[in-house]
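Biologist: Could you take a close look at how the charged side chains pair up here, and then walk me on to the aromatic rings? I would be glad of the cut-offs along the way.

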Amino acid sequence: MTTTAVPFRLPRANALVGGLLVGILALAAIVGLLWTPYDPLAIDFRARLAPPGPAHWLGTDDFGRDVLSRLLAGAWTSASIGVVTTAAAVAVGTLVGILTGFLRGWVDRVVMAVNDTLLSFPGILFALGLLAVLGANKWGIILALSLAYVPTVVRVVRATVLSLRERDFVAASRICGNSALYTMARHVAPNCIAPLIILATVMFGWIILAESALSFLGLGVPPPAPTWGNMLAGSRPLIAQAPWLGIFPGLAIALTLLGINLLGDALRDRLDPRMAR
Amino acid sequence: MSAALLSVDRLSIGTASGLPLVRDVSFDLAAGEIVAVVGESGSGKTMVSRAVLDLLPPGVVRTGGAIRLAGIDLARLDRNAMRKVRGGAVGMVFQEPMTSLNPAMPVGRQLEEALRLHTGCNRGERRRRILAMLERVAIPDPERCLAAYPHEFSGGMRQRIMLASVMLPKPKLLIADEPTTALDAVVQAEVMALMAELARENGTAVLLVSHDLSMVAHFARRVVVMQAGAVVEQGATEALLLSPQHPYTRRLLEALPRRGPARPPADGPPVVEVRDLVVDYAGRRRLVGRAAAKRAVDGVSLVVRPGETVAIVGGSGSGKTSLGKAIIGLVPTAGGAVLFRGTDPFADRRRLLDFRLGSQVVFQDPYSSLDPRMRVGAIVGEPLRHDAGLSARQKQARVVEALADVGLDEGHLGRYPHQLSGGQRQRVAIARAIVRRPAFVIADEPVSALDMTVQKQILALLAELQARYGFACLFISHDLAAVEQVADRVLVMEHGRIVEEGPRDRVFDAPRHAYTRRLLSAMTVLGAVGDDFALARRGGGWSAAAADGAPPAAGRGGAPENPVALAAGP
Amino acid sequence: MLRFVLVRIASALPTLFLVSVTVFVLIRLMPGDPALIMLGDLADDRSLADLRAAMGLDEPLPAQFLIWLGNVAEGDFGRSISTNEPVFGLILARFAVSATIVLAAVALAAVVAVPAGMLAAWRQDGALDFAVVGGATLLLSVPSFWLGLLMLLLFGLKLGWLPVIGYVSPGQELERGLLYLVMPVATLVLTEVGVIARMARASTLEVLRLDYITHARAKGLSEGAVLWRHAFRNAFAPTWTLIGVILGNLLGGIAVVETVFTIPGLGRLLVDAIYARDYPVIQGCLLFIAALYVVINLVVDLCYPLFDPTVAA
C-alpha cells in the first residue's frame, strides 16, 4: 500500500516554533538564575505600579518590584521545579512500569491496585492533599507533584511493555537463552524510549501548569519569591489599575505551554510512525 | 463482438507529490466475465481496483487515462452520479473480513444500506431480499443475524455477509480485492466458490485482484499480470499459463510450490521427541474462579530426526502453533514430555542451556521478530552471547558467515530492520537461527507473510541450509503448497490432535482422514489435462467452474488425479 | 450485558475502598494528636476527650478506620473547624455551584469541539483542519486562570457588562444567576474546547483509515452519511473517555476559576480549608471528589457498549 504523500510543512513548523519557545524559556530560566535587571525582591515604593516604560520594561508591581526581573526569576523557579519533578516522576514510573509489566503475577496485581487507587484522584487533587500534609514549599511541591504524576507514567510504560512482550523478538531473546532480566534491559526498555519521550514532554507541560495553578492558589512557592502563578494571584486585586501585572505573567505561562505542546506534537509525528514499524 | 462492460484505457496513477505508481494500464472486461489481475506487493493491482470506483487513498490520484463503464467515462461523472455507480452498478469486496464491517452497527442495518440507496424497495421487500440472500450464502439463522453485530461471526462468515451485502443490489460488476487471503484454506475455497456461483447466477462480471495465481487460474477466464505498476502480459488463462511470454509471468509460475523428489527417510536417534504432550490455555478470569481451561494440544506425540523436515499442518485453531510454542518452552505444558537428545531439557539449568543453544525458531512475522532498535549484526550475533568457546573475532566471523549463508552481504551488518524488505528480514531471522549451528529448528509459518516469488526463495534457502548443516526441522504451516515442497513427513492436526501422519507423498496422494481430504481439496494445483483447460484437484470434495462454466459437482471423495507438472516454458 | 454491568460495578467497589483508605491514611500522616487536629487549637479539653473516645483513638488503627468509614457511610464527615457546620452539607452546597459551572462548560465545549474535530479530520490538511488544530493548540496552552483574569478585566471591569465579584445561584434568581455564570463557564469552555477537539480529530482520523469506511463509500453512501452513521459512533469512544477525565480534573481544578471570579464552589472550599488547616473539611473534600471521580469513570465505562459492542461480549 502506498504511503500518503501529504505536504508536511506543518510538523517542521511545529518543531521550529516549539523549539524556539522552549529555548527562550530555558534561556530566561538561566538568566533568571544568574542575573536580572533588578533584584526581584527589591522593594521601591517610589516606583510602585509604574506602567511599562524605559526604566522598567514590563512595569512594576505594588511594591515597586520590577516585573521583568520577577518574570525571569520565576522562569528559573518554574523551569527547575518542572524539570526535577518530571525527571523524578519519569524515573520512578518507568522503573515500576517495566518491572510490573514484565514480571506480571501478584507483583503486578498489587502495584496496579495501588496505581489505580492513586489515579482515582483526578488532576492535582492528590497533590493538594499531600500539600495539606507536607506544607507548601519548593520541595513539598516537587514531592507532591511527582507522586501525583508517577501513576500516569506507570500506566503508560506498563501498557507499552505489555504490548512489547507479545512481540516475537522478545520470545526470540528468551529462546537464545537470555535471562528475563537481560531481555528486559536489552530489548524491552530501549523500545519504550519513544513513547516515554513523548510522555515526558507532555508531562513537563502539565507540571508547569500545575505548579502555576498551585502558586496562583497560594499553595505553591511562598512569597516573596516570585513565580508566575503567585504573580498572577497578586495581580488580581489590582487588575483594573495595573493590567500589565496580570498580562505578562500569564503570557509567559501561555507561551511556555504553547512551545511545549508544539514540541510534543512534532516529536509525536516523528517518533510514532517509526514505532509502528 | 460485445462491447466491453469495463474498459480500462491507459490508466496511470501516482501520488500527489508526483511519484508514479501505475503506468498505462489497459484491459477490458466483458459482461459476465471473470478477469483476474495478478501481481505481488507493489505491483499496483490494488490501486487499479480502487481507481475504478474513485476510492484511492488520500494523497493518491489518477494522473492519466480513462476508465469506462458501459461506455461512460467514470471520470466525467459528478459526485452524485458516481455515488449511484458505487454499490449499485459496481460492488466491491475487500480483503480483511475483520475490518470491513462496521463493528458498532448491527449486520442487518449494514446489509440494508446499499439496497435502500440503489433500489426502490420498501422496507418489507428489503427484508425479504436480505433474508433470502443470507440463506443463499449459507448463514445459519438469518433472522437472528440481522440484529447481531459483526464480532459475533467468524472471518469466513463475515466474508459471506460481505458478499451478500454487495450482491443484493445485483451489480453488473463485482470488484474483489484479495477476498480470501485472510481466511483459512478450507474456508477460502468455500468462499471463492460461493462468489463465483453468485456471480454466475446474477450475470455479474468479476474483477478479481489477487496474488494467488493458482486460485486465480481456477476461476478466471482471463488474466492480467502486473509488475511494478505496469501490465506485463495479459490473455486467456489457459494460454497464459501454458505458454507464458513474459519472463515475470514465468517467474510467477516457477514460484508456485512444487513437489520435489522424496528424500530417503532420515535415520539416527531423534533430536526431539514429544510424548503425549498436553497444553491448556487458562480460561478467562471471572469474578469468582476461572472459566474452564481450553485444551489446545491434546496428547500429541512426534519424533524429529537429524536432517529431516517434519511438517505440521492444520487450520486455525488446530493447535499447531501452541504445539510449537510448547516444544520450545514458550508456554507451559499440562502433561506429557518433550525430550531433547533423549533427556528432559527442563530438568536443570545446564540441560536447559544446552537445549536453548541447540534449538532455534524462525517466526512468521518478519516485522515482529526483529528488535527494531538493533542492527542486523547485533541481531544475528545475539545467540552467540552464551558461546564461551568463541572469541569476539570468531563470533564476528560467524555472523558474517551466517549472513552469507542466507544471501546477504556484509553491508547489511549495520542496517536496521526497518531499512530491509520483508524477504530480507526473514533472511536475517534465518541467519540468527542458524548462526549457532543448532541441531533443531522450528519454522512457524516462516513464509506466510511474504510474496510468492520471495516465498519460493526462502523455502529453497531453508532446504539448502538443512542439507548443509543437517539440522532437524519442524515446519508448522497452514499452507499445504509450501508443505508439499519442503516436508519429508507430514502430520495433520485438528482440534489439538494428530489425525493423520505419514510420509509426504503418501499423505498428499492417498489421504486417509476426512479432514486431510478437506484440506487437500481446498488446495488447487495447476495441471493441464486434455485439450480443454481444466484443473486437477486433489482428493475431490468441491470443484469449481471448468472452462465451459459447468456447475460444481458435489463432493467426490475418491481417487485423486495425478497432477501433471506444468510445463512452464524453458 | 447484565453481567458486564455487574462486573464493572463490582470492580469499582475495591477501588472506592482503597480510596477511602488512602484519604484516611493521608490525614493521619499529620504529626500530633488527631483529635486536636480535627477540632483545632482552640478546642476545650472536654470536647477533645469526647472526640478521642468517638474516634476510638485507643483502638488499633484498622479499628479507627472502620469507625471513621462507618461515620462516612452515614453522611457524618465531622464538623468544620472554622465554621462548625457539618462538613457533608457544606460540601454538597458548594458542589451544586461547581457542578453547574463544570457541567455547563463541558457540555458546551463538547458540542462545539466534537463536530469541529470530526470535520477537521474529514478534510484533513485543508484550511479547516489547519484552523481547528491551530486554534485548539493555542487554546489549550492558555491557563484557565489567566484567561479568566483577562475576561474579568475586559468584560467585567472595562466594559462593565458582567458582574465581577460574588455569586448568585440561578436556582434562586435565574436571570441574575446566569449573568454570574457567563464568564466562568466561558473561561472553562475555551480552555477545554481545544483538548476535546484534538482528541475528536485524532480518533476520527484513525477510524477514517479503516476498511469499513471505504466499504461504506463503496456502497455509494454520501460523505455525510459515512461520517455520521459509520465514523461517529466508533470514533467517539476515546473522546467520551476524555470527557470523563476532564470532568474529574475540573472537580478539583476549578478552584483556580473560582478564585478568579470569587465563586463559592467546591474547589475554593478545599483550598480555603488547606489554608485554615480545617482538616475535617480537607478530608471530606478529598474523599468526596475522589469517590465522585470513581463513579464518573464507572458511568463512562458503562456507556462503552454503545460505541463498541465487543466490550460487553
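Modeller: Happy to; I will begin with the salt bridges, move to charges over rings, and end with the rings themselves and a surface patch.

First, some ground rules. This is a predicted model, in which local features need pLDDT of at least 70 and side-chain atom pairs count only at pLDDT 80 or more, while totals for chains, interfaces and linings use all residues; side-chain values use heavy atoms, with hydrogens and water left out. Residues are numbered from 1 along each chain as its sequence is written, and chains are lettered from A and ligands numbered from 1 in the order in which they are written.

Side chains of opposite charge can pair when their charged atoms come close. With a salt bridge taken as a side-chain nitrogen of Lys or Arg within 4 Å of a carboxyl oxygen of Asp or Glu, the structure holds 42 of them over all chains. One joins E112(B) to R126(B), whose closest N and O atoms are 2.8 Å apart. E112(B) belongs to helix 4 (residues 107-118) of chain B and R126(B) to helix 5 (residues 123-136), so this pair ties together parts that are 14 residues apart in sequence. Helices here are DSSP runs of H or I with at least four residues, numbered from the N terminus. Both partners are buried, where buried means under 20% relative accessible area, exposed over 50% and partly exposed in between (1.4 Å probe, protein chains only).

In chain A, R104(A) and D108(A) meet in a salt bridge at 3.1 Å, N to O. R104(A) is partly exposed at 35%, whereas D108(A) is buried, with a relative accessible area of 4%.

Back in chain B, R350(B) bridges to D354(B), with 3.5 Å between the closest N and O atoms. They are four residues apart in helix 13 (residues 349-358), so about one helical turn separates them. R350(B) is exposed at 59%, and D354(B) is partly exposed at 37%. Elsewhere, shared partners link R259(B), E484(B), R504(B), D505(B) and D509(B) into one salt-bridge network.

Charges also sit over rings, meaning that NZ of Lys or CZ of Arg is within 6 Å of the ring centre and within 35 degrees of the ring normal. R385(B) lies over the face of Y182(A), 3.6 Å from the ring centre. R165(A) has its charged end over the ring of F102(A), 5.7 Å from the centre.

Now for the rings. Those of Phe, Tyr and Trp (its six-membered ring) pair if their centres lie within 6.5 Å; planes under 30 degrees apart count as stacked, over 60 as edge-to-face and the rest as tilted. By this rule there are 18 aromatic pairs over all chains. F65(C) and W68(C) have ring centres 6.0 Å apart and planes at 35°, so they form a tilted pair. They are three residues apart, about one turn, in helix 4 (residues 61-73) of chain C, and both are buried. In chain C, too, W228(C), F232(C), F236(C), W240(C), Y304(C) and F307(C) make up one aromatic cluster.

Terms used
Helix = DSSP H or I, 4+ residues; strand = E, 2+ residues; numbered from the N terminus.
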